[in-house]
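I opened this notebook to record what I looked up in one structure.

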Amino acid sequence: MKDPFRTIQWKDNYIRLLDQTLLPAQEVYLEIRTLEDLCDAIRRLAVRGAPAIGIAAAMGVALGVQDFPGDDRKAFGKRFDAVCAAIAATRPTAVNLFWALKRMKRVLAGSASLGVEEVKSRLIEEAILMEREDRLLCHRIGEAGRDLIEEGDTVLTHCNAGGLATAGFGTALGVIRAAFEQGKKIKVYADETRPLNQGARLTSWELMKLGVPVTIIPDNTAGALMQRGEIQRVIVGADRIASNGDTANKIGTHTVAVLARHHGVPFYVAAPLSTVDMELCDGSEIPIEERDPSEVTHIAGVPIAPEGAAARNIAFDVTPYHLINGIITECGVATAPYREAFRKCFLMKEKEKI
Ligand code: MRU
């Protein structure tokens, strides 16, 4: 089935993205024409999900340098660095953002002999390529993971790791979608994912569009359903995976992993290798975003707590590697010991040009 929406796209001289803060009530596409608007869109989650944030960052670099006047390469380099710094300051956890900036920096470094206008074009080309590649990678992740889901399974997922969180098809939802497209009769439970309700608003929206049976549950319901034997698999996405397999994902993922282990339910992570940060020894080194408490005390601007109530809004948690049965990548399913498995995946990626 064709993707029912386009998450993010480079248009002639602007970035077109589906405003995820308005879903599911309204399907509005934003036309992002300035670096400031792009940074704002990432910060307020109009574009979100690790791979999509990476693509937004790359397109943001291309956009942010377009109005640089003249042909002074040194001054252009300074502008490029300032644009990268602004984007790097938006959200800290998804490593795909920093991976994308590095990739754009490589393009700049590799075009030392070119004039400014040509470099600008190269940067646009690279950002467009990254969007296209991401869609292909998601399909590969789907193929690599679909056999982990059996006929009749009910799969729990947390947050949104679907087409909306990528260039299309998704990671965790890509695996679910690939199993569904094989003809397997499967069902999905979507954790609502407080405080911003990505599961209730986004995962249910995209699975319903695809015809995959989905039921939303409050975040505190998963344990009861596992206890009743009503969940056979858990598949989630990732924002950053340390080299030992410790995985940062939306807050609440760790709770689900502990419950899954207690109840003997296999727990899988699905992510492209661009989400693996081999520079980090373990999950304690992953920077975790903490957001405005008003997102906890209010829903869509409406207060649900007494005025002045204290609240914490930690956006991600880290699931230790030993609670993860496998990490599904574009190069197959990695299992512990993960450092070794990731090395093999990266080698395979380079050798087979995946
Ligand atoms: O705060 P968000 O909505 O950007 O968080 C997104 C997640 O936690 C996703 O599960 C993760 O980025 C994987 S997306 C394929």
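The entries below follow the order in which I consulted the structure.

**Entry 1. Basis of the model**

I note that this is a predicted model, in which local features need pLDDT of at least 70, side-chain atom pairs count only at pLDDT 80 or more, and totals for chains, interfaces and linings use all residues. Residues are numbered from 1 along each chain as its sequence is written, and side-chain values use heavy atoms, with hydrogens and water left out.

**Entry 2. Domains**

I looked up the division of the protein and found domain 1 (8-139) and domain 2 (146-352); such bounds come from an automatic or database domain assignment. Taken over C-alpha atoms, the centres of domain 1 and domain 2 are separated by 25 Å. To the contact between them, domain 1 contributes 30 residues and domain 2 contributes 34 residues, where contact means heavy atoms within 4.5 Å.

**Entry 3. Nonpolar cores**

I next asked which residues touch the most other members of the largest nonpolar core. They are Ile-15, Ile-87, Met-104 and Leu-123, in a core of 46 residues. A nonpolar core is here a set of buried Ala, Val, Leu, Ile, Met, Phe, Trp, Tyr and Cys residues joined through side-chain atoms within 4.5 Å. Buried means under 20% relative accessible area, exposed over 50%, and partly exposed in between, with a 1.4 Å probe and protein chains only.

At least two residues of this core come from each of β1 (8-11), β2 (14-18), β3 (29-32), α1 (35-43), α2 (50-65), α3 (73-88), α4 (95-109) and α5 (116-145). The largest contribution to this core, twelve residues, is from α2. Helices (H or I, at least four residues) and strands (E, at least two) are DSSP runs, numbered from the N terminus.

I then listed the contacts of Met-104, leaving aside neighbours within four places in sequence: Ala-58, Val-61, Ala-62, Phe-80, Leu-123, Glu-126, Ala-127 and Met-130. I also found a second, separate core of 31 residues, with Met-226, Val-236, Val-269 and Leu-323 among them.

**Entry 4. Ile-87**

I located Ile-87 in helix α3. Ile-87 counts as buried because its relative accessibility is 0%. Not counting residues up to four places away in sequence, Ile-87 touches Leu-35, Leu-38, Cys-39, Ala-57, Gly-60, Val-61, Leu-97 and Leu-101.

**Entry 5. Largest pocket**

I searched for pockets and cavities on a 1 Å grid over the protein atoms alone: a cavity is a set of points where a 1.4 Å probe fits but cannot get out, a pocket is an open set with protein on both sides within 12 Å along at least five of seven lines, and lining residues have an atom within 4 Å of a point. Grid points are joined across faces, edges and corners, and a volume is the space filled by probe spheres set on the points.

The largest pocket holds about 860 Å³ of space. Of its 29 lining residues, Trp-99, Leu-273, Ser-274, Phe-346 and Lys-349 lie nearest its centre. Elements that each supply at least two lining residues are α2, α4, α5, β11 (276-277) and α11 (338-352), and α4 gives the most, with seven. I counted 13 nonpolar, three polar and 13 charged residues in this lining; Ala, Val, Leu, Ile, Met, Phe, Trp, Tyr, Cys and Pro count as nonpolar, Asp, Glu, Lys and Arg as charged, and the others, Gly among them, as polar. Domain 1 and domain 2 both give residues to the lining of the largest pocket, so it lies between them.

**Entry 6. Second largest pocket**

I found about 360 Å³ of space in the second largest pocket. Its lining has 15 residues, and Thr-21, Leu-196, Arg-201, Ile-299 and Ala-300 lie nearest its centre. Two or more of the lining residues come from each of α10 (294-297) and β12 (298-299). This lining has five nonpolar, five polar and five charged residues.

**Entry 7. Cavities**

How many cavities of 30 Å³ or more does a search of the whole structure find? I recorded three. About 200 Å³ of space lies in the largest cavity, which is lined by 24 residues, with Gly-49, Ala-50, Asn-160, Asp-239 and Asn-249 nearest its centre. The largest cavity lies between domain 1 and domain 2, because both give residues to its lining.

**Entry 8. Ser-113**

I placed Ser-113 in the loop between α4 and α5. Ser-113 counts as exposed because its relative accessibility is 72%.
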